[in-house]
Amino acid sequence: MAGLCEGGNEPSGSLKAISRRNTKWGVKMKRSTVSDIILRYKNEDRIELRKQTGRRKVPTDREESLIIRQIKKNPRISAPKLASEIESATGKKVHSQTIKRAIHKRGYIRRIARKKPYVCERNRRKRLQFAKEYENEGED
């Protein structure tokens, strides 16, 4: 793309005259990338990206999605166990507090789901008796 700026293969010798349809010179980039470069050159008279500032996110969006997938698969998993699973999957060490923060950010409340106990036989009979007593009461 840099060679195109100096009037290499393009017809008119200027990147400002290039359209998105005109970019068929065998540039091995996606059309959207070429389009972004052309627009950046037309609007700001530069090709390169600006340097990114600020601290990068520790769990990337992809890693956060992995965390959420693991939570959906097994909601009873603890944050330290999930952190060790993420570390083995990605090779990046993540603190359990970071895991909790990512879960909370996606709308999950940091509580471990518990199994609901089964209804014992005695309570099952009482429930059935209650249901039979009031079965026809609401039809009046």
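**Figure 1. Helix H4 packs against helix H5 through Ala79, Pro80, Leu82, Ala83 and Ile86 on the H4 side and Ser96, Ile99, Lys100 and Ile103 on the H5 side.** Contact here means heavy atoms within 4.5 Å. The model is predicted: local features need pLDDT of at least 70, side-chain atom pairs count only at pLDDT 80 or more, and totals for chains, interfaces and linings use all residues. Residues are numbered from 1 along each chain as its sequence is written, and side-chain values use heavy atoms, with hydrogens and water left out. Helices (H or I, at least four residues) and strands (E, at least two) are DSSP runs, numbered from the N terminus. Two packed helices are described by the angle between their axes and the distance between the axes. For H4 and H5 the angle is about 100° and the axes are 8 Å apart. Axes are lines fitted to C-alpha atoms, for helices over the stretch in contact, and angles run from 0 to 180 degrees between N-to-C directions. H4 and H5 are therefore roughly perpendicular to each other; angles of 65 to 115 degrees count as such, those under 35 as roughly parallel, those over 145 as roughly antiparallel and the rest as oblique.

**Figure 2. Ser96 and Lys100 are two residues of H5.** Helix H5 covers residues 96-105, with Ser96 among them. Ser96 is buried, at a relative accessible area of 19%, where buried means under 20%, exposed over 50% and partly exposed in between (1.4 Å probe, protein chains only). Residues up to four places away in sequence not counted, Ser96 touches Ala79, Pro80 and Ala83. Lys100, by comparison, is partly exposed, with 31% relative accessibility. Between Lys100 and Pro80, which stand 20 residues apart along the chain, the C-alpha atoms are separated by 9.5 Å.

**Figure 3. His95 belongs to the loop between H4 and H5.** With a relative accessibility of 54%, His95 counts as exposed. The C-alpha atoms of His95 and Ala83 are separated by 6.4 Å, although these residues are twelve apart along the chain.

**Figure 4. The largest nonpolar core consists of twelve residues.** A nonpolar core is a set of buried Ala, Val, Leu, Ile, Met, Phe, Trp, Tyr and Cys residues joined through side-chain atoms within 4.5 Å. Its members are Leu66, Ile67, Ile71, Ile77, Ala79, Leu82, Ala83, Ile86, Val94, Ile99, Ala102 and Ile103. Helix H3 (61-73), helix H4 (79-90) and H5 each supply at least two residues of this core. H4 gives the largest share, four residues. One member, Ile99, is in contact with Ile67, Ala79, Leu82, Ala83, Ile86 and Val94, its neighbours within four places in sequence being left aside.

**Figure 5. H3 passes H4 in a right-handed crossing.** A crossing is right-handed if the near helix is turned clockwise from the far one by less than a right angle, and left-handed if anticlockwise. The axes of the two helices come within 11 Å and cross at roughly 130°. That angle makes H3 oblique to H4. From H3, residues Glu63, Leu66, Ile67, Gln70 and Ile71 meet Leu82, Glu85, Ile86, Ala89 and Thr90 of H4.

**Figure 6. H3 also meets H5.** On the H3 side stand Glu64, Ile67, Ile68 and Ile71, and on the H5 side Ile99, Ala102, Ile103 and Lys105. The axes of H3 and H5 come within 10 Å, crossing at roughly 80°. The two helices are therefore roughly perpendicular to each other.

**Figure 7. Phe130 and Tyr134 form the one aromatic pair of the structure.** Rings of Phe, Tyr and Trp (its six-membered ring) pair if their centres lie within 6.5 Å; planes under 30 degrees apart count as stacked, over 60 as edge-to-face and the rest as tilted. The ring centres of Phe130 and Tyr134 are 4.8 Å apart and the planes stand at 50°, so this pair is tilted. Phe130 is exposed, with a relative accessible area of 54%, whereas Tyr134 is partly exposed at 41%.

**Figure 8. Asp45 lies in the loop between helix H2 (31-44) and H3.** The phi angle of Asp45 is near 60°, a positive value in a residue other than glycine.

**Figure 9. The protein as a whole has six helices and zero strands.** From the N terminus on, its elements run α-α-α-α-α-α. Of its 140 residues, 23% count as buried. Among contacts between residues at least 6 apart in sequence, 43% join residues at least 24 apart.
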